[in-house]
Amino acid sequence: MNNFVFYSPTKFVFGKDTEGQTGTLAKKYNARKVMIVYGGGSIIRSGLLQRIEESLQQAGVEYVKLGGIQPNPTDPKVYEGIELARKEGVDFMLPVGGGSVIDTAKAIAAGVPYEGDFWDFYIGKAKVKKALKVGVVLTIPAAGSEGSGNTVITKLEGLQKLSLRVPELLRPVFAVMNPELTYTLPPYQTACGIADMMVHIMERYFTNTPDVEISDRLCEGTLMTIIKEAYKVKQDPNDYEARANIMWCGTIAHNGTCGVGCEEDWASHFLEHEISAVYNVTHGAGLAVIVPAWMTFMAEHNPKKIAQFANRVFGVPENEDLEEMALAGVSRLKHFFRYIGLPVNFKELGIEHPDIELLVKKLHENKGEWVGNYVKLNKEYSKEIFELAC
Ligand code: NZQ
Ligand code: ZN
C-alpha cells in the first residue's frame, strides 16, 4: 500500500425530508447570501426548488438563482454565474442537482475571488488559492461531485472537456442527500448514474499497487451492492431502500475512500470525456461503451485485476487462463449494462461512425503522450480501444 493523505471534511446529511435542513446548514457555515444553482427544470417540476427557497427564508439567508445548467456543463454559464455572484455579493454556492450543476457551482466558487479567467485553473495556468464555500443538495447519484473536490467543465471553443481537482477548497462543506428525490429520475439517467459510480470504483480498483486488500474489498463490496440494488430499482423505481443504498454507493465511489493507497488509472474517464465533449452524450452512457472496450484491451495486456474483478464481483469461476476469465467478466458486465438499459458500443450509443482520429488527437493533446496507469496508453493503444468500442 502506498503512503496517502485522505481529507474528507464534507458533512453528509442523509435521509428522508433532509432538504428541509438546507437553510440551517447554510447558516451554520456563515452563508449570508447564497446562489442557488440548478439545471433545466426538474427541481421546479418536483417542487424541490420551492422547498429549498422556503428553507433559506426560514433561516434568514438571502439568495439569488442561476438556472439552466445543461448536462455536460459549458463555460458560458460559469462566466454568467461569476458576474452575477460579484454583482449580488454572493458568499456561498448552493447547487441543487447533479454533477453538472455542482461542477458549475464549484467553477463559479473558484472564479469569483480570482481576477483572471477561471479557465486558467482547468488548463493548469493558475492554482486555486481561494474559493467560496459550496454546499450541495443532491438529486442524482452519479458523478459523486457531492463528496469530491473535482469539477469538470467543457470550454465550448475547441470542445475541451477538462477536470480540476482541489480537494482542500472545492469539496462541499455539506451535502444533503434525500433518496426520495431520486424517484423522479428517468430510468436512463438512473442507469447512467449507476455506470458512472461503478467506473469511479473501477478506475481505483484496476491498479498495479500490490497489497491493497482493504481497498480491493471496499471496491468489490460497493460494486456488488450497486449491482444488486440496481436490479431492485429497475423493478421498482420507488424502492426507498434500494435508492438509498445506491445513493450512498455513489458518494463512497468517488470521495476517495476506495482508492487510498493505490495508484489509480482514470484512462477510461479521459477517453470518455472526449466522447461526451464531441458528441454531447451522457457521461455514464459513454463510460458503458468505453469501459468494456478498455477491459477487453487489458485482458490481453494485463489481465490480473480484470480477472479478479470477474471472479469476485461477477462470480466467474477461477481459471488458470486469466485472459479467458477477464473476458468472461467483460461479457457479464456488458450483459448487466444492457439489462439496465445502457449502450455498450458506439452504435448503440447512436454514433454510427465515430471520428476516432479526432478523439485520439484531442485525448493526447489534452492529456499528453501517455494516458492512465494500469497499462499506459499511447496513441496507438487509445485508437485500439476506441476501435474495440465500435
Ligand atoms: O437539468 P435537470 O432538469 O435538473 O435534469 C437533469 C439532467 O437532465 C436530470 N436530473 C437530475 N436530477 C433529477 C433529474 N431528473 C429528474 N429527477 C431528478 N431528481 O438528470 C440529467 C443529468 O444531470 P447531470 O447533472 O448532468 O448528471 P450527472 O450527475 O451524471 O453529472 C454529469 C456531469 O458530471 C461530470 C460528467 O462529466 C458530466 O459533465 N463528472 C463530474 C465528476 C466530479 N465532479 O467529480 C466526476 C465524474 O466522473 C464526471 O466526469
Ligand atoms: Zn465519472
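Which element gives the most to the shell around ligand 1? Helix α5 does, with four residues. This is a predicted model.

**The shell around ligand 1**
- Ligand 1 is surrounded by 35 residues.
- The closest are Gly 39, Gly 40, Pro 71, Gly 98 and Gly 99.
- By type, the shell holds 23 polar residues, ten nonpolar and two charged.
- At least two shell residues come from each of α2 (42–45), α5 (99–111), β6 (150–155), α8 and α12 (283–301).
- Both domain 1 (9–179) and domain 2 (184–388) take part, each with at least three residues in the shell.

**The largest nonpolar core**
- In soluble globular proteins, nonpolar side chains tend to be buried together.
- Here the largest nonpolar core has 124 residues.
- Val 34, Val 37, Met 93, Ala 109 and Ala 195 have the most contacts inside this core.
- Helix α12 supplies the largest share of the core, twelve residues.
- The core also draws on both domains, with at least three residues from each of domain 1 (9–179) and domain 2 (184–388).

**Helix α8**
- Helix α8 runs over residues 187–205 and has 19 residues.
- From first C-alpha to last, α8 reaches 27 Å, close to the 27 Å expected at 1.5 Å a residue.
- Of its 19 residues, 17 are buried, so α8 is largely enclosed by the rest of the structure.
- Helix α8 also supplies at least two residues of the shell around ligand 1.

**The annotated span**
- An unreviewed UniProt entry annotates residues 9–179 as "domain: Alcohol dehydrogenase iron-type/glycerol dehydrogenase GldA".
- In the model, this span is 34% helix and 25% strand.
- The end C-alpha atoms of residues 9–179 lie 21 Å apart.

**Two loop residues with positive phi**
- Asp 211 sits in the loop between α8 and α9 (213–235).
- The phi of Asp 211 is near 60°, a positive value in a residue other than glycine.
- Asp 211 counts as exposed because it has 10 C-beta neighbours inside 10 Å, and the cut-off for exposed is 12 or fewer.
- Trp 266 lies in the loop between α10 (240–254) and α11 (267–279).
- Trp 266 is not a glycine, yet its phi is positive, at about 75°.
- With 19 other C-beta atoms within 10 Å, Trp 266 is partly exposed, as a buried residue needs 20 or more.

Notes. Residues numbered from 1 in each chain as written. Chains lettered and ligands numbered in written order. Predicted model: local features only at pLDDT ≥ 70, side-chain atom pairs only at ≥ 80, totals over all residues. Expected span 1.5 Å × (residues − 1). UniProt positions renumbered as here; feature names shortened; annotations may be inferred. Near = placed C-beta within 6 Å. Nonpolar A, V, L, I, M, F, W, Y, C, P; charged D, E, K, R; others polar. Domains from an automatic or database assignment. Core = buried A, V, L, I, M, F, W, Y, C linked by C-beta atoms within 7 Å.
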